[in-house]
Amino acid sequence: REAVLAVGKVGAHTQQAIPSLIAVLGDRSEAVKTQAIWALSRAGAKAVPPLIALLGDEPMRGTAAMVLGQIGPPARGAIPELIKLLSQPDVSPAAQHEIVIALSRFGAAAGEAVPELLKILADEQHPLRADAVWAIANIGDKNAIPQLIRAFPADENSTSEMATVLPLAVLTLNPENELFFKLAFNRGVALLQHESNAVKQATAT
């Protein structure tokens, strides 16, 4: 394992290193796996094909999606498969979470994912509604604003997660709107306490 990690540190960009790093993703040690994820994220587009293939491996699906998201735009070839998995009911909630976060990191290139993300938003019992909202905001689809506004909680004093995320998502999509700015300002501090690191990071920046 040490040899594999050393290869990742000195040059994950080399094609020869990628299969070994993919294999390490299944390691029991979280520290080793984290190092492999870091190394593969540096490999960029060269790591994308084997990572897409790994999406078909149920135990590794979430990790593969995480790495693809960290690679970002160079991994946009994975978008269709990520969307396909998002629509399948047998995909675990943990893997779905990583898929939504990954899609959010592709920006406008993931525009075709918005219909599936809106389906998540429409399901009031879905555990990933807030993640889906933030993904839509990061993708930048202004056409989704009406659906986001309709999802606002009826109680203006609500302190729910959705009451926090929705105004900021709409503000991100339409920053010129004064009403959205006021709503977002009042919720900003609460959003910094969000359990999702991606949401907290996006809010802080």
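Glu116 is buried, with a relative accessible area of 16%; buried means under 20% relative accessible area, exposed over 50%, and partly exposed in between (1.4 Å probe, protein chains only). The model is predicted: local features need pLDDT of at least 70, side-chain atom pairs count only at pLDDT 80 or more, and totals for chains, interfaces and linings use all residues. Residues are numbered from 1 along each chain as its sequence is written, and side-chain values use heavy atoms, with hydrogens and water left out.

**The chain as a whole**

- The chain has 13 helices and zero strands. Helices (H or I, at least four residues) and strands (E, at least two) are DSSP runs, numbered from the N terminus.
- In sequence order, the pattern reads α-α-α-α-α-α-α-α-α-α-α-α-α.
- Of the 205 residues in the chain, 49% are buried.
- Among contacts with a separation of 6 or more, 60% join residues 24 or more positions apart. Contact means heavy atoms within 4.5 Å.

**The salt bridge**

- Side chains of opposite charge can pair when their charged atoms come close.
- The structure holds one salt bridge. The term means a side-chain nitrogen of Lys or Arg within 4 Å of a carboxyl oxygen of Asp or Glu.
- Glu116 and Lys119 form a salt bridge, and their closest N and O atoms are 3.2 Å apart.
- These two residues lie three residues apart in helix α8, so about one helical turn separates them.
- Glu116 is buried, whereas Lys119 counts as exposed, at 53% relative accessibility.

**Helix α8 against helix α9**

- Two packed helices are described by the angle between their axes and the distance between the axes.
- Helix α8 covers residues 114–122 and helix α9 residues 129–139; their axes come within 8 Å and cross at roughly 150 degrees. That makes α8 roughly antiparallel to α9.
- Axes are lines fitted to C-alpha atoms, for helices over the stretch in contact, and angles run from 0 to 180 degrees between N-to-C directions.
- Angles under 35 degrees count as roughly parallel, over 145 as roughly antiparallel, 65 to 115 as roughly perpendicular and the rest as oblique.
- α8 and α9 cross in a left-handed way: the near helix is turned anticlockwise from the far one by less than a right angle, while clockwise would be right-handed.
- From α8, Val114, Leu117, Leu118, Ile120 and Leu121 meet Arg129, Ala132, Val133, Ala135, Ile136 and Ile139 of α9.
- By class, this contact of α8 with α9 has ten nonpolar, no polar and one charged residues. Ala, Val, Leu, Ile, Met, Phe, Trp, Tyr, Cys and Pro count as nonpolar, Asp, Glu, Lys and Arg as charged, and the others, Gly among them, as polar.

**Helix α6 against helix α7**

- Helix α6 (residues 79–86) packs with helix α7 (residues 93–104) at an angle of about 140 degrees, and the axes are 10 Å apart. That makes α6 oblique to α7.
- The crossing of α6 and α7 is left-handed.
- Ile79, Leu82, Ile83, Leu85 and Leu86 of α6 make the contact with Gln96, Ile99, Val100, Ala102 and Leu103 of α7.
- The contact of α6 with α7 holds nine nonpolar, one polar and no charged residues.

**Two buried residues**

- Thr63 sits in helix α5 (residues 61–71). Thr63 counts as buried, at 11% relative accessibility.
- Leaving aside neighbours within four places in sequence, Thr63 is in contact with Leu25, Lys33 and Ile37.
- Ala39 belongs to helix α3 (residues 30–43). Ala39 counts as buried, at 1% relative accessibility.
- Ala39 and Leu21 are 18 residues apart in sequence, and 7.5 Å apart in space, C-alpha to C-alpha.
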